[in-house]
Amino acid sequence: MEGAVKEQQQAQPQLIVSVGPHMRSSESTATIMWTVSGALMPAALMGVYYFGFRAVAIILVSIVTAILSEALTQMALRKPVTVSDGSAFLTGLLIALNVPSSVPLYIPAVGSFVAIVITKQLFGGLGFNIFNPALIGRAFILISFPKQMTTYYKPVMNVTGMDAVTTATPLGLLKEDGLAALLEVFHTKAELYQHLFVGNRAGSLGETSIAALLLGAFFLLFIKRYITWHIPISFIATVGLLTWLFGGTEGLLSGDAIFHMLSGGLILGAFFMATDYVTGPSVRSAQVIFGICAGALTALIRLKGGYPEGVMFAILLMNCFAPLLDRRVRSRVFGKIAVKELK
Amino acid sequence: MEGSGLWEHVLTIFIASALINNFVFARYLGLCIFFGVTKRMETAVGMSITFTAVMVISSVLSWVVYKYIMVPYHLEYLKIVIFIGIVAAFVQAADTIMKKKTPALYYKLGIYLALIVTNCIIIAVPLINAGEEYGLFESIALAFGSGVGFSLALIIMASIREKLDLADVPKSFQGLPIAFVLTGLIALAFLGFSGMITL
């Protein structure tokens, strides 16, 4: 009799009752962080190719500072040290890619420190930060060292990075001296677009080569599917639309949308920084709103603001609004009684 | 031409006071209310509505008194005292009238009224209006813009602080310290607006 019961039990399928998540994947935060860092490598290599040895030094200093800051802060707070998850590495790399090759080495170090300690660890570490750490780090050094952070070298394309000539970025030229001055440097519009696309122009280390950035973005979007199109495409399209509408000197619709979409840090920012899981909204419709607003702010700052480039500030401002954008999808609490009914 | 120039100026003042010279993030005023009511979104919204209404009405009152009483009698040097008096008297009157006539509204918004009297933005706006010799519409634009800008600051801050409740903030930074750090970082983001409009 007993044996029959046992047999019956064994015949039944084994049902395991457990809490979610039930679908597991081998991907972890660390895989994602290291993959995104890898996707930035083409852009970093192009930076090294164009700006020489200084670029390597800047990248190393800012990554090492970021990792050290993370490890030391976590030790001081008696938390497990998590530098191997690659997030500090990625933050350091992004800061390096967002500074001009002319900066003294302590500037990216200060940026990495502010990014990791103040923006990330004070708020509770990875996953709790309100702002994109790399962008706050960059905003902090831009405000603190305005002169050094806006001195750009022309691409030198030799190993030592010596004999560098300072020049303005294309956006800076457009803002200060107008389109004529810009065309004087690059001759024709076609040549200008070509320079912008391959990256042979003055600018921050990793923002210049659109081709290299798009290669990394393509990898993340279509092969790894770590990011979706919602934020980057709505962001870039809004910048294009608004600069086409209002960017020209000859009234409406005379702006140069292609130039604005290819220049500055737009491609780098839209694909690699605005898409941060932690500091952006997580619902698709909110992401599109996030992208459109960031694009509008970028266009507003570029065309009307005091700075030639607005991508960084636009993303930071939208980081402020991300919790608000996510609020509208919070699920309703049932069983609550309104205060009015109680009275 | 004159007329459209005035409206453009009014719009400029409104945008400038709401975003570019945002009282909290660019001038660092009104911080006590800012930190006091932004722990919860509900209180932030209540304060926003009350604050904007009081701001507009009290600066109109101050403008009338300044233009038609203080300037003709050369009492400009008393403006701080008189403006404080006007704001306090108006807020107290509003408090009493609301309690009597609209108790429902009073229970919702009344607690914020008492806090507003001691706020520095509420006295800064009439002083700026007097100092810049703004007309009526410009004064209203500045007051309404400041109110909207303050409301924006409160609502952003409340949404972020509610999210921060779940964060693993180091013990010594919990509560106000991290709120101050956060305000600094938001102010850094708001620097993007700088240089956009020079008044």
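Reader: Quick one to start. B:Asn22: buried or exposed?
Author: B:Asn22 is buried, because its relative accessible area is 0%, and the cut-off for buried is under 20%. Bear in mind that this is a predicted model.

Reader: Where is B:Asn22 placed in chain B?
Author: In a loop. B:Asn22 comes between helix H1 (2-20) and helix H2 (31-37) of chain B.

Reader: Which backbone oxygen does the B:Asn22 side chain reach?
Author: That of B:Ala18, at 3.0 Å.

Reader: Leaving aside neighbours within four places in sequence, what is B:Asn22 in contact with?
Author: B:Ala16, B:Ser17, B:Arg27, B:Gly149, B:Ala153 and B:Phe190.

Reader: Switching to chain A. What about A:Ser204, buried or exposed?
Author: Buried. A:Ser204 has a relative accessible area of 0%. Its place is in the loop between helix H10 (189-198) and helix H11 (210-223) of chain A.

Reader: Which residues is A:Ser204 in contact with, leaving aside neighbours within four places in sequence?
Author: A:Phe51, A:Leu97, A:Asn98, A:Val99, A:Pro100, A:Arg138 and A:Tyr152.

Reader: Now the core. How many residues has the largest nonpolar core?
Author: It has 141 residues. A:Phe272 and B:Ile186 have the most contacts inside it.

Reader: Why does this core lie between domain 1 and domain 2 of chain A?
Author: Because both domain 1 (30-149) and domain 2 (168-328) of chain A give residues to it.

Reader: What is A:Phe272 in contact with, neighbours within four places in sequence aside?
Author: The list includes A:Val36, A:Leu40, A:Leu94, A:Leu213, A:Leu220 and A:Ile267. Another core, of six residues, lies apart from the largest one. Among its members are B:Tyr66, B:Met70, B:Ile123 and B:Ala130.

Reader: Big picture for chain A. How many helices and strands?
Author: Chain A has 17 helices and two strands. Of its 343 residues, 49% count as buried. Chain A exposes about 16800 Å², with 66% supplied by carbon and sulfur atoms.

Reader: What share of the chain A contacts with a separation of 6 or more comes from residues 24 or more positions apart?
Author: 73%.

Reader: Take H12 of chain A. What should its 17 residues span?
Author: 24 Å, at 1.5 Å a residue. The end C-alpha atoms of helix H12 (residues 230-246) are 24 Å apart, so the model agrees.

Reader: Which residues of H12(A) are buried?
Author: Among them are A:His230, A:Ile231, A:Phe235, A:Ile236, A:Val239 and A:Thr243. Their cover includes helices H13 (257-262), H14 (266-273), H15 (284-304) and H16 (311-327) of chain A.

Reader: Last topic, backbone angles. What is phi of A:Arg78?
Author: Near 55°, a positive value in a residue other than glycine. A:Arg78 lies in the loop between helix H4 (53-76) and helix H5 (87-97) of chain A. A:Arg78 is exposed, at 77% relative accessible area.

Reader: What about phi of A:His187?
Author: Also positive, about 70°, and A:His187 is not a glycine. A:His187 is in the loop between helix H9 (170-186) and H10 of chain A. A:His187 counts as exposed because its relative accessible area is 52%, and exposed means over 50%.

Definitions and conventions: Residues are numbered from 1 along each chain as its sequence is written. Chains are lettered from A and ligands numbered from 1 in the order in which they are written. This is a predicted model: local features need pLDDT of at least 70, side-chain atom pairs count only at pLDDT 80 or more; totals for chains, interfaces and linings use all residues. Side-chain values use heavy atoms; hydrogens and water are left out. A nonpolar core is a set of buried Ala, Val, Leu, Ile, Met, Phe, Trp, Tyr and Cys residues joined through side-chain atoms within 4.5 Å. Buried means under 20% relative accessible area, exposed over 50%, partly exposed in between (1.4 Å probe, protein chains only). Domain bounds come from an automatic or database domain assignment. Contact means heavy atoms within 4.5 Å. Helices (H or I, at least four residues) and strands (E, at least two) are DSSP runs, numbered from the N terminus. Accessible areas come from the Shrake-Rupley method with a 1.4 Å probe; for residues, only the protein chains shown count as cover. The expected span of a helix is 1.5 Å times one less than its number of residues. A polar contact is a pair of N or O atoms within 3.5 Å; within protein, one must be able to donate a hydrogen and the other to accept it, and residues adjacent in sequence count only if both atoms are side-chain atoms.
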